[in-house]
Amino acid sequence: MTEDNLGNSVAMAVLNAIQHPVVMVDADGHIVFANWEAEAFFGASASHLARYRISTFIPFGSPLLALIEQVRERRAPVNEYRVDLSSPRLGQEKLVDLYVAPVLSQPGSVVVVLQERSMADKIDRQLTHRTAARSVTGLASMLAHEIKNPLSGIRGAAQLLETTVPDEDRPLTRLICDETDRIVSLVDRMEVFSDERPVDRIALNIHSVLDHVKAIAKAGFARNIRITENYDPSLPSVYANRDQLVQVFLNLIKNAAEAIGDKPDGEIQLTTAYRPGIRLSVAGSREKISLPLEFCVHDNGPGVPADLLPHLFDPFITTKTNGSGLGLALVAKIIDGHGGIVECDSQANRTTFRVLMPVSKDIALDDAIPANSTGSTR
Ligand SMILES: Nc1ncnc2c1ncn2[C@@H]1O[C@H](COP(=O)(O)OP(=O)(O)O)[C@@H](O)[C@H]1O
Ligand SMILES: [Mg+2]
């Protein structure tokens, strides 16, 4: 076997070992290569596939065709989530995530990697988180009205009684006061959910937000935990409410610190990155939102229990004795309000909470103009 042939057969073995369909489409749309998984996906052998254009196998007007065209033009890879390839030929509920990349050595050719469901599941989950956050919103405003007012009446009555009851019954009136206080503070905590006022947003440098939260964490709950960063310094700004973003990362870092506990080599890592390929199809609309700003909080704690994962962002989900289970629900609500998504990948020793956000439309004043600049602005 020549070196070239050997290289080819290794490459084939590699491609066939990949558990996702991989095809190469040439400049005029023919499927010139298909790995084993792709043969199974399209229900045809590679040699059969090679005789046809990819448009033969996927639904008419499929976004995949437009995506291939886009990649050819831009010569840059693109990811697209939740593309529906259902057709009589491919079957029902063929939701896939697509990765399409140009083959630079063969102009016009592209490689398409299809991933069935996994990411789509996550987005689905994200959409349920949004509903969950919304349902707390309604519940919270109802609670505020229907519970806090009667409670203050009950508390007032108990305080009056306290002055008249015999000494041995006084602990009972105290109990009523303490317990009503506890309920009021729970309702107060939930009230942030019912606050539907529009928030002020500005173009923000995310790194200044993360550094601020890190300082708070290091001064308190994460005193003994190493916090490292890996920032993309050229990241464009995010259009957001600073206080709310501080709250988001405070909640995420606090959870990470609590998961790590007093594990000796515990570490929290904050990362930022620009991922132009991340686009989210919005259900019921042809519109795609681009969410290229990625902010992550990683920890090497024990991980989120598997049975918790599907409900992680729901309110009142907690494994902590004194937990409220509202931290992540609030994170989901705030990120939703900013047009972004939040998701979690978790395994033992590596848990990642990933926030994906759209790019600021405004110019980042705090990035573009040095703090000590006296030059004129626009
Ligand atoms: N980084 C993490 N590692 C492991 N589990 C986590 C992590 N973050 C959150 N969790 C799990 O998610 C649950 C919900 O978190 P949260 O909504 O902040 O509520 P709380 O912190 O009050 O319990 C936690 O109780 C915990 O079980
Ligand atoms: Mg929490």
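In which helix is the place of Val-10? Val-10 lies in helix α1, which covers residues 3-17. The model is a predicted one, and the protein in it has 10 helices and 14 strands. Of its 378 residues, 40% count as buried.

**Overall architecture**

- Contacts between residues at least 6 apart in sequence join residues at least 24 apart in 63% of cases.
- The protein exposes about 20,500 Å², and carbon and sulfur atoms account for 54% of that area.

**Nonpolar cores**

- The largest nonpolar core holds 46 residues; within this core, Leu-245, Phe-249 and Ile-268 touch the most other members.
- Helix α8, spanning residues 242-260, makes the greatest contribution to this core, with nine residues.
- When residues up to four places away in sequence are not counted, Leu-245 touches Leu-204, Ile-206, Val-209, Val-238, Ala-240, Ile-335 and Met-357.

**Surface patch**

- Leu-6, Val-10 and Val-14 form a nonpolar patch on the surface, and together these residues have about 250 Å² of accessible area.
- Val-10 has a relative accessible area of 46% and is therefore classed as partly exposed, since that class lies between the buried limit of 20% and the exposed limit of 50%.

- Arg-75 has a phi near 50°, a positive value in a residue other than glycine.
- The position of Arg-75 is in the loop that links α4 (63-74) to β3 (78-84).
- Arg-75 is exposed, because its relative accessible area is 64% and the exposed class begins over 50%.
- Phe-316 likewise has a positive phi in a residue other than glycine, with a value near 70°.
- The loop between β12 (293-299) and α9 (327-337) contains Phe-316.
- With a relative accessible area of 41%, Phe-316 is partly exposed.

Conventions:
Residues numbered from 1 in each chain as written. Chains lettered and ligands numbered in written order. Predicted model: local features only at pLDDT ≥ 70, side-chain atom pairs only at ≥ 80, totals over all residues. Heavy atoms only, no water. Helix = DSSP H or I, 4+ residues; strand = E, 2+ residues; numbered from the N terminus. Buried < 20%, exposed > 50% of the residue type's maximum accessible area, 1.4 Å probe, protein only. Contact = heavy atoms within 4.5 Å. Areas by Shrake-Rupley, 256 points an atom, 1.4 Å probe, with all protein chains shown as cover. Core = buried A, V, L, I, M, F, W, Y, C linked by side-chain atoms within 4.5 Å. Patch = residues over 30% accessible without salt bridge, like charges linked within 9 Å, V, L, I, M, F, W, Y side chains within 5 Å. Salt bridge = Lys/Arg side-chain N within 4 Å of Asp/Glu carboxyl O.
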